[in-house]
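I opened my notebook and started looking things up.

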Amino acid sequence: MKKVSLTCICCPLGCPLEVTLEEGKDPVVRGHTCPKGHQYGKMEVTAPTRTLTTTLPVPGGDPAMVPVKTAAPIPKGSVLPAMEALKGVTLTPPIALGQVVAENIAGTGVNLIATRDIPVKE
Ligand code: SF4
């Protein structure tokens, strides 16, 4: 049996979690105060994921940067490869909220989307 201590990152409360792992059994989560924390605790010890958020340059846009995020969480181990894949990427305005700016980021099957409108600078 193994016990793992975690802090839930699903909301600002940051509840302390303890997950007990026993071979052949589902992980047992304690310390959560809502179902989201229970799910996070189980996932974090079996298949951790993260929503990648960053910004990309938009030369000629107003402003000249756009915040982006993955449309769904991706495996934690794919975050750095995804950031590597975005090195040197620039976008062309206008950009619309929700627009796909990179498909299948790092082979995860998840798209990267813009989280605001970026009009052309006048
Ligand atoms: S367990 Fe629920 S209330 Fe606690 S930090 Fe996680 S999401 Fe927030």
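These entries go from the whole chain down to single residues.

**Entry 1: the whole chain**

I noted at the start that this is a predicted model. I looked up the secondary structure of the protein chain and found 2 helices and 9 strands. Then I read the elements along the sequence. The pattern is β-β-β-α-β-β-β-β-α-β-β.

Next I checked the overall dimensions. The C-alpha trace spans about 60 × 30 × 15 Å along its principal axes. The radius of gyration of the protein chain is 18 Å, whereas a compact globule of 122 residues would have a value near 14 Å. I also looked up burial. Buried residues account for 23% of the 122 residues.

**Entry 2: the domains**

I looked up how the chain is divided. Domain 1 covers 2-47, and domain 2 covers 53-114. I then checked the separation of their centres over C-alpha atoms and wrote down 29 Å.

**Entry 3: the sheet of 3 strands**

What is the strand order in the open sheet of 3 strands? I found β1-β2-β3, and the pairing is antiparallel. β1 (2-7) and β3 (28-30) are the edge strands. Each has a single partner strand, so one side of each has no neighbour in the sheet. Neighbouring strands here are turned by 20° against each other on average, with direction ignored.

I followed one pair further. β1 and strand β2 (residues 16-21) run antiparallel and are joined by 6 bridges. I picked out serine 5 and looked for its bridge partner in β2. That partner is glutamate 18.

**Entry 4: the sheet of 4 strands**

I moved on to the other open sheet. Its 4 strands come in the order β5-β6-β9-β8, with antiparallel pairing. Why is one side of β5 (53-57) and of β8 (100-102) left without a neighbour in the sheet? Both stand at the edges, and each has a single partner strand. On average they are turned by 40° against each other, direction ignored.

I checked burial in β5. Of its 5 residues, the number buried is 0, so β5 lies largely in the open.

**Entry 5: a walk along β6**

β6 got an entry to itself. I began with its pairing to β5. Strand β6 (residues 65-70) runs antiparallel to β5, and 5 bridges join them. Proline 57 has methionine 65 as its bridge partner. Leucine 56 has valine 66.

Then I looked at the pairing with β9. β6 and strand β9 (residues 112-114) pair in the antiparallel sense over 3 bridges. Lysine 69 stands opposite isoleucine 113 in β9.

β6 does alternate. Val66, Val68 and Thr70 point to one face and are buried.

**Entry 6: around the ligand**

I listed the residues around the ligand. The cysteines among them are Cys8, Cys10, Cys11, Cys15 and Cys34. The list also has Leu13, Gly14, His32, Thr33, Lys36 and Gly37. I sorted this shell by class. It has 6 nonpolar, 4 polar and 1 charged residues.

**Entry 7: two single residues**

I looked up glycine 77 first. It lies in the loop between β7 (74-75) and α2 (79-86). Is it buried, exposed or partly exposed? Glycine 77 has 13 other C-beta atoms within 10 Å, so it is partly exposed.

Threonine 115 counts as partly exposed, with 13 C-beta neighbours inside 10 Å. The C-alpha atoms of threonine 115 and alanine 71 are separated by 9.9 Å, and these two are 44 residues apart along the chain.

Conventions
Residues numbered from 1 in each chain as written. Predicted model: local features only at pLDDT ≥ 70, side-chain atom pairs only at ≥ 80, totals over all residues. Pairing = 2+ DSSP bridges. Axes fitted to C-alpha atoms, helices over the stretch in contact; angles between N-to-C directions. Domains from an automatic or database assignment. Near = placed C-beta within 6 Å. Nonpolar A, V, L, I, M, F, W, Y, C, P; charged D, E, K, R; others polar. Buried ≥ 20, exposed ≤ 12 C-beta atoms within 10 Å, placed from the backbone. Rg over C-alpha atoms; globule rule 2.2 N^0.38 Å.
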